Every structure is written in structure tokens, then in C-alpha cells.
Amino acid sequence: GLAWHTCMPTDGVQVWGDRTRLRQVVLNLISNAVKFTERGSVTLELSLADDVTVSVSDTGPGIPLQHQQQIFDEFHSSDRTMQRGSGGLGLGLTIGKHLIERHGGTLGVRSSGAEDSGSTFYFTLPRISSREPQTEQLLTRAVDQSLIVPSDRDDSDDHRSTILHEPSVDLQIQPPGAKTILVVDDDPDTAALNMRVIRQQLPTCRVLQAGSGTEALALLEHLRPNLVLLDLVMPGLDGFGVLAAMRARAATLDVPVLVLTGRMLTEDDLARLHAGVAGILNKGLFNANEILEHIDAAIAQRRKLGSPTQQLVRRAAAFIRAHSAETLTRDQIAAYVGMSADHLTTSFRQEMGVTPMAYLIRCRIDSARALLHESMRSITDVALDVGFADVASFSRAFHREVGVTPHAYRRSKRH
């Protein structure tokens, strides 16, 4: 229901830059303008002076003066947009500002600050002199045509996007052949942590983020990542739906998917995941290095997807998780999945990176952390509730896995 306006010079204009990344910045500004504007119009304008200025104006709520610098910080949300249910601006503006500055330009905002006064986001770029070689044409009146989604999509430099889809771009110019990892999680803190770990330990990787299943599928329309790190529990389209849609598309049919979830998986859940998932990891049970090892194995496709042994190991992990508070032995777990105890241990370690009994201890410690944080039960009661035979063994295991004693952990969560 919004009116769309463009204002372009009659003559073409040229700048030096990365065509795809600059287009993504423009599309991100348009996406934000549409998202935060309930009625009125959105206008794209390109003006010429000493520099080239690209601006996107809207008739939305406006940006309070005290927030006009903060909105370029990661995950900032103004009270005005939160009250209207629009959510945060995410990483789009932060990344866009960085990319424009890398091109020798600036990105900013103009708004009176008054309620419903609208806002204008703009960026400037150095203009190519008519006397300079003009081998790279970037912005002309055809910038308006870049909003059209072509019928043939590929990963070339000239791929295009569509407004309301908000492309995510990483902060670094990646070398040719760099691996791309898409992190799909509706929890911004979890997503930011995973992205930060990947970028620190795998600096040559390009890391993208989607905050919902719908956003993930929109991104997958325009790129083919080397790995998708997928949360299962999300509002709207959940992880199961994303996986089903990926497997229904030829372009993403064989993209490895690593599930990282806090959900306690059932046998039915596992049946839906077996065929197309490189690994299933429970949140809170694996440290950063272990997650990175699983990421590396998934990208390298070192494990055969859907093998009978893989399915049995995942059934064993789900059984352990569901019955962790009970007395369990290695033989009981092996009998449940119909394997010998030794074969289970070897296969479990190959698939999960830990032994079945170590996984059992981690499940119990994870449950204990929640109880210590949320309840006033004694340390002894917590130990017995999660499956330990005595408080001494519980305290030793807790300190080994968490790095502090149960008492210290509880104190840290209460202050």
C-alpha cells in the first residue's frame, strides 16, 4: 500500500566500487524504509554534486534525535520502533556503514526527530571524473531495474534481490573461493555468538545471518552457501520447514545442514531430520571448538548423510537426552538402539565427538544449570534430580564441565 517514487538524473553516473555490495546497501535501506513505514511513500533518489549521493526517504515514524547515531550500532532498536512492533534494525545499517566507508564514502541519516516525520538514509560515493577511464559503470537510471528478480539465478557478481528481502552481508572482503556459512536463528544473542566464533576461528569464511525461516529462504533464493547452521524452534516457518523447502529445491538439495537446537528431539523429529542433516547438536552441550569441528566436517562432507549408523547414533543421543535423569549404563543405551556397547561408543564418538557416557554427563549438567538458576532447591537435591548418585560426584563433574562449582554458579546467576 505504499507509493514508490524514484528521482534519477537524466545522464548516467559512474563510481568505482563493488557492484553487488553497493546494490545490497541500497536494497537494505529500501527494505528498512518499507518495513518501518505503515502508510505514505518510499522514495529512492540519486543526486550529483562533487560526490554521488544515493538516498532513501520514507514517511514512517522518524528517528528520535538522541538515537540517530546509535542506530548504526549492532542490534540497536529505538523505543519508537519497538513500541510499534517493528523490531530492531539488526546488523544491516552497521554493515552498510562499514561497506560504504570501505568505498571512501559516508552513510548517514536525516530526520527532524518529530513523531511521524519520516526519515532519509543516504550514502555518498566519490564520483568518477569524465576524464578517468570508465570501465566500471555502477549506478545509472537502471538502478531502479535492479529491484527486478531475474528468472535465472546464480551466484555470479550480477545476482539481484527484491525489496522486502533484506540481504545480509559480512564485514570483510572475502578471497575468491571463500566458504559461505548461513546462520539461521531467531535468537539474536545466540546467532551473534555463533557468528563471532566462526569469524574468529574461520576468518576466511563468509558468514551470513537470517533471523527467521522465511528470511533464510529469501536469502537462499540468491545464494548457495557451503553450510547452513540451523535452529529448529522459530516462530512462523521453523527449522523443519526450512529444511523441507531446501530439499525441495534443486539449487539447495545437497547443501549441508548442521542443526543446533535446544529442543528435546523425539523419534518423529529424528525421522524428519535423518535424510538431509549433516549433524544434530544440542545447544549448551558443546563448546565453541567442538562446534567448529562439526562445522568443518559438515563443509568437507566427511560424513555420509543418512547412513544407518548415523541414524542409530542420533537415536541413542535422543534416548540419552530424554532419560538423562535416570540411571543409565552404556549397555542399556546400546541395547535400546540394537548395537554392541563397543560399537556404540566408537560410532557415537565419530558422529558426536564425545562418548555416550560423556554426553550423558553433559545432559545432566545442562539440566542442573537450569535448576540452579531457576529454583531454590539445595545443591544435593539438584544433584539427585538430574541423575547423579551423590553430591560429591556432581560437584566434580559440574566444575569440570562448567569451570566453577555449583555454589559459585548459583551465586553468579543471582547477582
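Let's start with one pair of residues. Leu107 has Phe123 in S5 as its bridge partner. Keep that pair on screen. One caution before we go on: this is a predicted model.

Now, which strands does that pair belong to? S4 covers residues 106-110. S5 covers residues 119-126. The two pair in the antiparallel sense, over five bridges.

Zoom out to the sheet. Five strands build it, and the sheet is open. The order reads S1-S2-S3-S5-S4, with mixed pairing. Which strands sit at the edges? They are S1, residues 3-7, and S4, residues 106-110. Each of these pairs on one side only. On average, neighbouring strands here are turned by 15° against each other, ignoring direction.

Next, strand S3. Look at residues 51-58. How many of the eight are buried? Six are, so the strand is mostly covered, with buried meaning under 20% relative accessible area. On one side, S3 meets S2, residues 41-48. That pairing is antiparallel, with seven bridges. Within it, Val42 has Asp58 of S3 as its bridge partner. S2 and S3 form a hairpin, and two residues lie between them.

S3 also pairs with S5. Those two run antiparallel, joined by eight bridges. Here, Asp51 stands opposite Pro126 in S5.

Where is it? Asp231 is in the loop between strand S8, residues 227-230, and helix H6, residues 239-247. Is Asp231 buried or exposed? Buried, because its relative accessibility is 4%, and the cut-off for buried is under 20%.

What touches Asp231? Set aside neighbours within four places in sequence. Then its contacts are Val184, Asp185, Asp186, Gly239, Leu260, Thr261 and Lys283. One more distance for Asp231: Arg263 is 32 residues away in sequence, and the C-alpha to C-alpha distance is 9.2 Å.

Last, the whole chain. There are 415 residues, and 48% of them are buried. The chain has 15 helices and 10 strands. Take the contacts with a separation of 6 or more: 67% of them join residues 24 or more positions apart. The accessible surface is about 19,800 Å². Carbon and sulfur atoms account for 50% of that surface.

That's the tour.

Key
Residues numbered from 1 in each chain as written. Predicted model: local features only at pLDDT ≥ 70, side-chain atom pairs only at ≥ 80, totals over all residues. Heavy atoms only, no water. Pairing = 2+ DSSP bridges. Helix = DSSP H or I, 4+ residues; strand = E, 2+ residues; numbered from the N terminus. Axes fitted to C-alpha atoms, helices over the stretch in contact; angles between N-to-C directions. Buried < 20%, exposed > 50% of the residue type's maximum accessible area, 1.4 Å probe, protein only. Contact = heavy atoms within 4.5 Å. Areas by Shrake-Rupley, 256 points an atom, 1.4 Å probe, with all protein chains shown as cover.
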